[in-house]
Amino acid sequence: MQRRVALVGMYGGYFGERNPGCFLILEAALRALGRRLPDASFDIYSEDAIGRFHGVRSELVHGRELRYFSSQWGQTLLATSLMGYDALVLGGDIILAPPPAPSVFLLESPAFLAAPGPPVFYNAAHSALSREEIVDGFHTERLRGLCKRADYVGVRTEHVRDALRELGCADKVAFCPDPTLSLDLHEVLRGIEVPRLKREKKILGLSVMAHFVEGIVDAIAADASFLDEYDLWVYPYSRQYNHIEAVLRIQQKYGDRFHYIERYQDPLATFALMAQFDASINDTYHGTIAALLAGIPFLVIDREDEVRSRSRNLLRLFSWEDRIVTARRHGLTDPADDGLLLGDALVERWRGPLQTLREQPRGDSSKDLGTVRAIIDAHFDRIAHGIAASSGLTDSPARTGARPA
């Protein structure tokens, strides 16, 4: 008998906007668990964190059926439809108590918490909370409850792992790097068509929020030797961060001096577009991972603090912290901040990062991913083995022998 597994996350984006990174996590989970559990079927549920609707609405994205539900409907969904599955795999982004906390991910249904099944597995989830907020804050008892109810809690940073282990059930909580690092990007993008970018020099792709963009482009425009080597393409990576506003702002200021992509792409088409770049500057976590998987030089603008930063936790695994441009340190803060750098000072601050970008070699990133992928394999082995053991499915294929950290 075929067993049914529900993948529940923010796979369609924070507000159903088809965020590219969220969808890539879905692809990683489906491919990894599908190989390990060939006799299982998978239904995909995606929370719309700001939607106001009851029930579930469906949408096809790259052939995947996403069943959207609103945060206000999550507890009802958990206590009704999701109770009927053989297993739940929860993941997709910052789902462990971002404000406001979405109840479906914290398992806040009393009926669900009291039920013996289905088993619950967290797929490299993340929290924006500090250690203090996790251990002794508003969400502490909720997080403690989910750790007790879950069979396994895989989290994306060692910071969150260590904090959750202080709540008890330490043997259930493990660190797993982002599952998208397990993907072969060329395989995922096979058959995805996007316009070919005209090429006279190497292509630098830039996608950042509007209040960052002018300082960066002014610095690029002031560097004649950089422009001798690169053509700049400004494109919108994410609707969630309104990147199209940055495209329009630079287009208005610089006109045909640079190149522009003037509309959002579907999730995988965004990564197919990025695969044409020779270098990347991006201010998103999965935009950075896309560049890493493509093996192209990149800089990431990091808006998170050093301890909780997903990008810093990721790049530390490769000793690539020099590819991080800290937003506040470089004057790339919100215009309301007193510390904003302007004009020549901001241009000068960018000379070092641009030189770092030029000096990075292009290469096969898979050579740097072996250890990381072993941890991810162990993570999915643990989820698949838990599903198989709890539901009577044939056990997963031979395991790697490694364990998530």
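How many bridges join strand β13 to β14, and which way do the two strands run? I started my notes with this point. The model is a predicted one. In it, I found three bridges between β13 (residues 298-302) and β14, and the two run parallel. I looked up one partner: Asp-302 is bridged to Thr-326 in β14.

Entry: I then turned to β12. Three bridges join β12 to β13, and this pair is parallel too. Here Ser-280 has Phe-298 of β13 as its bridge partner.

**Entry: burial of β13.** I checked how enclosed β13 is. Five of its five residues are buried, so the strand is largely enclosed by the rest of the structure. I sorted the residues by direction: Phe-298, Val-300 and Asp-302 point one way, while Leu-299 and Ile-301 point the other way.

**Entry: helix α12.** Is α12 enclosed or open? I counted eight of the eight residues of this helix (267-274) as buried, so α12 is largely enclosed by the rest of the structure. Among the buried residues I listed Pro-267, Phe-271 and Met-274. The cover over them includes α1 (20-36), β3 (57-61), α8 (185-188), β12 (279-282) and α13 (285-294).

**Entry: the largest pocket.** I noted a space of about 480 Å³ in the largest pocket. Its lining has 23 residues, and those nearest the centre are Ile-94, Gln-240, Tyr-241, Glu-304 and Arg-310. The elements that each give two or more residues to this lining are α1, α13, β13 and α14 (310-316). By type, I divided the lining into 11 nonpolar, six polar and six charged residues.

**Entry: Asp-48.** Is Asp-48 buried or exposed? Its relative accessible area is 6%, and buried means under 20%, so I put Asp-48 down as buried. The side chain of Asp-48 reaches the backbone nitrogen of Ile-50 at 3.2 Å. Leaving aside neighbours within four places in sequence, I found Asp-48 in contact with residues including Tyr-14, Phe-15, Arg-57 and Phe-69.

Terms used
Residues are numbered from 1 along each chain as its sequence is written. This is a predicted model: local features need pLDDT of at least 70, side-chain atom pairs count only at pLDDT 80 or more; totals for chains, interfaces and linings use all residues. Side-chain values use heavy atoms; hydrogens and water are left out. Buried means under 20% relative accessible area, exposed over 50%, partly exposed in between (1.4 Å probe, protein chains only). Helices (H or I, at least four residues) and strands (E, at least two) are DSSP runs, numbered from the N terminus. Contact means heavy atoms within 4.5 Å. Two strands pair if DSSP finds at least two bridges between them. On a 1 Å grid over the protein atoms alone, a cavity is a set of points where a 1.4 Å probe fits but cannot get out, and a pocket is an open set with protein on both sides within 12 Å along at least five of seven lines; lining residues have an atom within 4 Å of a point. Grid points are joined across faces, edges and corners, and a volume is the space filled by probe spheres set on the points. Ala, Val, Leu, Ile, Met, Phe, Trp, Tyr, Cys and Pro count as nonpolar, Asp, Glu, Lys and Arg as charged, and the others, Gly among them, as polar. A polar contact is a pair of N or O atoms within 3.5 Å; within protein, one must be able to donate a hydrogen and the other to accept it, and residues adjacent in sequence count only if both atoms are side-chain atoms.
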